[in-house]
Amino acid sequence: MNTASTHEHAAGSQTLMIEGAGCASCVGKIEGALKSVPGVDSAEMNFADRSVLVTGRVDAASLIAAVENAGYGATASEAGSDEDAMAEKEEADKAYYGRLMLNMKMALGLGLPLMVYSLFGGAMTVTTGAEQLAWLAVGVLTLGVMVFSGKHFYVGAWQSFKNHSANMDTLIALGTGTAWVYSMVVVLLPAFLPEMARHVYFEATAMIIGLINLGLALELKARGRTSEAIKRLIGLRPKTARVVLGDRERDIPIERVMSGDVVRVRPGEKIPVDGQVVDGQSTVDESMLTGEPMPVQKRAGDEVVAGTINKSGTVLFRATRVGKDTALARIIQMVKQAQNSKPPIGRLADVIAGVFVPTVMIIAVVSALIWLNFGPEPTLAFAIVSATTVLIIACPCALGLATPMSVMVGVGKAAEAGVLIRNGQALQTASKLTAMILDKTGTITLGAPKVTDIVLVSRLGEDEVLQMAASLESGSEHPLAMAITESAAERGLQAEKVEEFNAVAGHGVQGKVGGKALLFGNEKLMKDRGIDYARYLGAAKRLAEEAKTPMFFAVDGFLAAVIAVADPVKEDSLAAIRRLQKANIRVVMLTGDNHATAKAVAAKVGIREFFAEVLPEHKAEKVAELQAQGELVGMTGDGINDAPALAMADVGFAIGTGTDVAIESADVTLMRGSLHGLADAIAVSKATLRNIKQNLFGAFIYNVAGIPIAAGVLYPFFGILLSPVIAGAAMAFSSLTVVSNANRLRLFKAQEH
Amino acid sequence: MMLIVNIAGVALIALIIWWFWLYRPAEVEAGAGQLVIVVENGSYQPAHIKLAANQPAQLHFLRKDPSPCAEMVLIPGLDISENLPLDKTTRISLPAMQAGEYDFHCQMQMYRGTLKVE
């Protein structure tokens, strides 16, 4: 338990992790126990993750005691532990690296001189008594190396053997062990072996142990780099926050900031927790989270998120989310989760890795038998060499590492560009998409429509029309409704009370304001209600062709005005859509707008295909329609009213605004509003999949070619038999190659701004 | 002589197949008390764990193995992956599970174990 979280908190909230709660009925008991603690205002348990959120003026220790009295266990949730964990991991890795390097030096210290001796024609055989003694000494030294530098292989092999499983340790232990045991037999009991077979392989044992330790050490270094992205995210969180307490201000550790606290951030400082600005204004650089290079204006009422940098002014904000609840913490959690998930492409490698080691052992035995039966003299020596080499060259690690290493780097790289990929499946499918449906509002356009034209039809003036329309729309949350109410507010028009309000989904709204029956919506709504609008179709069409959305407004059964609303296209939509099209993706726009408006907007951004007049509930059907044509369909929307379509699509992309990561249903979350994020997501996933394929191909080829060569298939034709030392070197560097290739992904550049 | 050698070789192969693939090791019951799975020397101890179906459970992993291979444990069937800090116990909460076998393993599948839910 960390000490910071046991301090007494001013009124605030804290999270406890509960242990031993096995059934839903425990929830009431635990909550009851906590609520009975003096000072607790509320206690809410989340059964799914076994956490309780407690609010009130109380210290963690008495809460834990209360839970324990009720018969369960509890610990204070450690908010700041990510950094500590990261630092500890680095420390542990460093120590392990040192140990591996020492192992390597000891083993090569013995192996290299022996190998040089044999390369320069030194006799590796036992013929005289003096040789016997000398080699016995070397054999004992080799045993020392095996114990000192290779102990982990042998202990690991034995442990997994007892568990009826086998791993890389098994192969190394068997290979080096066989070579050593055979050599010792040669030294101690030469008479039992034919003279030609009295060859010792101590140098192989020592060299292999040295090389594999070296390979492991280098791999450890390379692996560290694969988690750079997550390290960078974790490093974004500042350690302290300046909290305003009455008329004093104090720097306190970040773990102790409670939601509700008021925090001051000065220019150049990082925002410590999520919150809402209460005073001051500034610009905030959110690029580290969203990938959006332009700083964002913040003033009272705006949200700020932890990890972003306050640029120009001082702001005071009220903390709304702290600890594990901040957007940053959730992003870190999501990236971690995704980094550890595997795309389906890795499944075959997984299946193979699962049966790999015993299979290799069988191959080694078969190979030895073939040499013994059909090989040239000395058959025993050849059999031992080939079996040892097969065991050593086989590398399950390269196979097993191929996918996860690339996913780790790829998902991290995506996160740097403000793209959160939920899992490996989404990553793989995104790389293969053939079609992309883009919702118009909020995706291609800013999603902030404005009233552009009011064509008056009756005696009513602009203000009257707008005032009535705004009153009618005041209850609606549709983006077009917002445009009307905002426009009315700008003109200082007061909305009146609306009665009998009714939204006609996808068509418009109706209701009564000041005793007048109002109808506001599209052409279809007018037609259904028998309103005469024919004379103004021309005007509506002209507005639509200007990429504006015309809506008809009728009062007491007669058309009063045509109001046009336009939603400006995001400035980089055209360029981003080009990028998608260049990647051979069929881009289709989806909108509830009428055909003419849709056509005009599509033309503006270079889209040839579009679905117009689609009701929100029919969006998913359009996705299915493209899927029926054999397309692998991505769907991009704001995730609010298109959740079913996002779910229906092969990959759903939720386009966020800023750092809103609430859209957790989507396969991919784009934190930046720009469609470039979408193109980046596709590009990253393609690059990652390509990298995985390279790795898998390399690892397969390595094993498929390496094992038969080690077994000696080339010997009958070319007289080539691999030395176990070469096999050791190849094996040590095969997994390093995989990790290094995955690291190449770090060079991936998302977007040329 | 060669006959004996060949028979021994075939027997060895049969032994490998039986020991690693056919043999079903006994599971450790994770009933009462805290079950700690120690990650050490390239394996999980215990590696075969029996759990009751349809109720959530908890596993505790204590990693003593500094090898980077040991740093993560995955339970693909339950969509779980967790980092294991060195020399610390990490708790993994399992949801209520349907009867069946769920493998858990490291990233490279060299460390392996199974959860038998029944």
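One caution before I start: the model is predicted.

Let's begin with the interface. The size of an interface is often given as the accessible area lost when the parts come together. Here, chain A and chain B bury about 4,100 Å² between them. Carbon and sulfur atoms give 59% of that area. Which residues of chain A lose the most area to chain B? They are Asn163(A), His164(A) and Asn340(A). Together they make up 18% of what the chain A side buries.

Now the residue count. On chain A, 50 residues are in contact with chain B, and on chain B the number is 41. By class, the chain A side has 25 nonpolar, 15 polar and 10 charged residues.

How many salt bridges cross between the two chains? The count is one. The partners are Lys89(A) and Glu71(B), with N to O at 2.9 Å.

Where on chain A does the touching side come from? Several elements give two or more residues each, including β1 (13–19), α3 (81–119), α4 (129–162) and α12 (396–416) of chain A. The largest share belongs to α10(A), with 14 residues.

Next, helix packing inside chain A. Two packed helices are described by the angle between their axes and the distance between the axes. Keep an eye on α23(A), residues 676–711. I have two partners for it.

Partner one is α25(A), residues 724–744. The axes of α23(A) and α25(A) come within 9 Å and cross at roughly 170°. That is over the 145 degree cut-off, so α23(A) and α25(A) are roughly antiparallel to each other. From α23(A), the contact uses Asn691(A), Gln694(A), Asn695(A) and Tyr702(A). They meet a set of α25(A) residues, among them Ala727(A), Met731(A), Val738(A) and Arg744(A). By class, this contact has six nonpolar, five polar and one charged residues.

Partner two is α13(A), residues 424–432. Its axis is 8 Å from that of α23(A), and the angle is about 100°. Angles of 65 to 115 degrees count as roughly perpendicular, so that is how α13(A) and α23(A) sit relative to each other. On the α13(A) side, the residues are Leu427(A), Gln428(A), Ala430(A) and Ser431(A). On the α23(A) side, they are Ile682(A), Ser685(A), Lys686(A), Thr688(A) and Leu689(A). The classes here are four nonpolar, four polar and one charged.

Back to salt bridges. Over all chains, the structure holds 28 of them. One to look up is Glu249(A) with Arg264(A), where the closest N and O atoms are 2.6 Å apart. This pair links distant parts of the chain, 15 residues apart. Glu249(A) is in strand β6 (residues 248–253) of chain A, and Arg264(A) is in strand β7 (residues 262–265) of chain A.

Last, the backbone. Most residues other than glycine have a negative phi, and most peptide bonds are trans.

In chain A, the peptide bond from Glu377(A) to Pro378(A) is cis, with omega near -10°. Pro378(A) lies in the loop between α10 and α11 (379–393) of chain A.

In chain B, Gln45(B) and Pro46(B) are joined by a cis peptide bond, with omega about -5°. Pro46(B) is in the loop between β3 (43–45) and β4 (48–51) of chain B.

Ala547(A) lies in the loop between α18 (537–545) and β20 (549–555) of chain A.

Note on methods. Residues numbered from 1 in each chain as written. Chains lettered and ligands numbered in written order. Predicted model: local features only at pLDDT ≥ 70, side-chain atom pairs only at ≥ 80, totals over all residues. Heavy atoms only, no water. Contact = heavy atoms within 4.5 Å. Buried area = accessible area lost by both parts, 1.4 Å probe. Salt bridge = Lys/Arg side-chain N within 4 Å of Asp/Glu carboxyl O. Helix = DSSP H or I, 4+ residues; strand = E, 2+ residues; numbered from the N terminus. Nonpolar A, V, L, I, M, F, W, Y, C, P; charged D, E, K, R; others polar. Axes fitted to C-alpha atoms, helices over the stretch in contact; angles between N-to-C directions. Parallel < 35°, antiparallel > 145°, perpendicular 65-115°, else oblique.
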